[in-house]
Amino acid sequence: MTQHQRLLIIDFGSQVTQLIARRLRELNVYCEIRPFNSVTEENLRQMAPKAIILSGGPASVTETDSPRAPQAVFELDVPVFGICYGQQVMMTQLGGRVEAGHHAEYGRAFIAPAPGHKQDGIFAGLFETGREEVWMSHGDRVTEIAPGFEVIGTSPNAPLAMIADEARHFYAVQFHPEVHHTPNGRRMLENFIKLAGFTGDWTMASYKDEAIRKIREQVGDRKVICGLSGGVDSSVAAVLIHEAIGDQLTCVFVDHGLLRQNEADEVVSMFRDNYNIPLIHADESDLFLGSLEGVSDPELKRKTIGKLFIDVFQKYANQIDGAEFLAQGTLYPDVIESVSFSGGPSVTIKSHHNVGGLPEKMGLKLVEPLRELFKDEVRALGRELGLPQSFIGRHPFPGPGLAIRCPGEITRDKLDILRKADAVYIDQIRKHGLYDEIWQAFVAILPVRTVGVMGDGRTYDYACALRAVTSVDGMTADYYPFTHAFLGETATRIINEVKGINRCTYDITSKPPGTIEWE
């Protein structure tokens with residue numbers, strides 16, 4: 001790999017640690033995330049980072065054996081930025097004090113400048129309106145700063161919310177600058193990397209070249225099968241791998257019976273007509289739907305689908321002589337929500353069928369060239385690879401497909417109703433010119449029936465929920481503010497055009513506390 005200028009993020013288990021990396025990538029900075037317990041003085045010096053960021057985390061530094069940073073972090077003579085728990089770690093290890101039992105602070109807060117202190121270093125250009133809006137998430141707080149630090153900003157529940165030691169270029173904040181709820185968080189990160197001397201030498205073009213080299217080194221002259229869903233992730237992965245190794249790649253498109261309306265035909269047509277990539281269309285819908293019969297628990301649905309994907313790939317891998325690798329379009333958010341790092345305190349939100357579910361008996365090694373990317377980075381990579389914008393801009397679609405948009409038991413009838421309702425909804429969004437404003441939109445069919453009146457007759461049909469969210473990275477999301485006129489028009493079309501639905505609702509839950517998908 002090209003030796004980019006490196007920034008090290010030491011992860012203490014925050015659910016939003018990956019957003020720090022996301023923001024830095026927007027600024028063309030190459031960064032690596034390492035769990036706190038994997039960082040040693042030796043590999044610190046080998047990596048030679050130009051700067052270090054200490055992430056947030058759910059632990060309390062007041063507890064025995066709570067996570068710490070290697071002391072060498074503060075001895076490398078590079079800028080260090082502590083965020084939330086990272087601030088508390090920094091203060092604890094450098095001679096300050098952190099206490100529990102104070103008022104916790106979650107959500108929006110406002111920071112005022114400390115009297116008499118200039119806002120220099122990473123805080124340059126802040127407080128233009130007299131205060132800074134930030135996003136807090138902490139129970140403990142710093143009550144005494146370490147020698148050499150000065151207070152830059154305060155909040156009612158975090159009087160030492162922004163602190164700095166300009167002589168050593170050490171900075172720390174109690175809030176989260178990486179989330180979009182902190183409007184000037186990007187400016188702080190920009191100031192930090194500028195102060196550290198980064199020139200912005202990491203781009204998606206360079207990532208593509210490095211990924212191709214890495215694929216060639218990993219695969220050699222052996223064969224790869226790629227699980228092609230037809231979504232942006234797996235398709236970009238397939239085109240990238242094909243560019244790296246050509247006809248050594250065979251794509252297997254599994255039709256699990258849980259796709260949207262006409263999607264199987266569209267995927268097969270697109271890849272056969274536009275790309276010279278060997279493609280096997282595996283219609284295994286009977287297998288999947290039969291195995292899901294009677295299953296209503298969402299985790300069991302995901303695990304069932306994941307296991308069947310493995311079984312199906314085992315079946316088709318055996319038909320491809322010499323296949324030794326399985327390629328997947330796994331992304332960073334999949335990994336974040338599925339894996340609690342070894343020894344760390346982060347928690348699993350839900351399992352993903354394409355993360356870590358490959359048993360040794362399958363005899364295939366994984367190729368995951370998108371594992372370090374967020375969705376918009378995958379789209380940027382797709383543009384680098386020449387994929388059409390109309391395809392790159394498609395909304396995300398989950399691997400388990402409509403299974404997780406059908407709470408409760410899955411039946412073929414419910415899936416047919418759901419497909420038709422979803423097609424009407426997306427058609428409405430496109431007709432109103434809203435598709436590109438929305439991160440993801442879909443219909444969920446609810447496991448309840450409701451009474452309705454159509455004409456002079458009584459109906460007793462399913463209710464459905466419309467979902468549409470805006471997001472930048474999929475980690476947080478807000479519902480899209482449709483007009484009531486749009487919602488009324490859409491509900492009328494669905495009820496009139498889709499037999500089996502007589503009631504529509506609109507889901508206005510954000511993420512968090514909800515997830516984007518219903519299951």
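Helices (H or I, at least four residues) and strands (E, at least two) are taken here as DSSP runs and numbered from the N terminus. The structure examined is a predicted model. In these terms, cysteine 84 sits in the loop that connects strand E4 (80-83) to helix H3 (85-94).

The chain as a whole contains 14 helices and 20 strands. Its radius of gyration is 25 Å, close to the 24 Å given by the globule rule for 519 residues, so the chain is as compact as a globular protein of that length. Along the principal axes, the C-alpha atoms fill a box of roughly 75 × 65 × 40 Å. Of the 519 residues, 58% are buried. Among contacts with a separation of 6 or more, 76% are between residues 24 or more positions apart. The accessible surface amounts to about 21,700 Å², and carbon and sulfur atoms contribute 48% of that area.

An unreviewed UniProt entry lists Cys84, His176 and Glu178 under "active site". These residues span 95 residues in sequence, yet no two of their C-alpha atoms are more than 11.0 Å apart, so they gather at one spot. Cysteine 84 has a relative accessibility of 4% and counts as buried, because the cut-off for burial is under 20%. When residues up to four places away in sequence are set aside, cysteine 84 touches Gly56, Ser137, His138, Val173, Gln174, Phe175 and His176. One of these contacts, His176, is also on the UniProt list.

Glutamate 178 is located in the loop between strand E11 (170-173) and helix H4 (185-196). Glutamate 178 is likewise buried, with a relative accessible area of 1%. With residues up to four places away in sequence again left out, the contacts of glutamate 178 are Val16, Leu19, Ile20, Arg23 and Ile83.

Helix H11 comprises residues 375-384, and its buried residues are Lys375, Glu377, Val378, Arg379, Leu381 and Gly382. The packing partners of these buried residues are helix H1 (17-26), helix H5 (204-219), helix H6 (232-245) and helix H12 (389-392). Glycine 386, which follows H11, has a positive phi near 90°.

Positive phi values also occur in residues other than glycine. Asparagine 28 has a phi of about 60° and is placed in the loop between H1 and strand E2 (30-35). At 31% relative accessibility, asparagine 28 is partly exposed. Histidine 169, with a positive phi near 60°, belongs to the loop between strand E10 (158-165) and E11. The relative accessible area of histidine 169 is 31%, and this residue is partly exposed.

The bond joining lysine 511 and proline 512 is cis, with omega about -15°. The bond from proline 512 to proline 513 is cis as well, and its omega is near 15°.

Note on methods: Residues are numbered from 1 along each chain as its sequence is written. This is a predicted model: local features need pLDDT of at least 70, side-chain atom pairs count only at pLDDT 80 or more; totals for chains, interfaces and linings use all residues. Side-chain values use heavy atoms; hydrogens and water are left out. The radius of gyration is taken over C-alpha atoms; the globule rule is 2.2 Å times the number of residues to the power 0.38. Buried means under 20% relative accessible area, exposed over 50%, partly exposed in between (1.4 Å probe, protein chains only). Contact means heavy atoms within 4.5 Å. Accessible areas come from the Shrake-Rupley method with a 1.4 Å probe; for residues, only the protein chains shown count as cover. UniProt positions are given in the numbering used here, feature names are shortened, and annotations may be inferred rather than shown by experiment.
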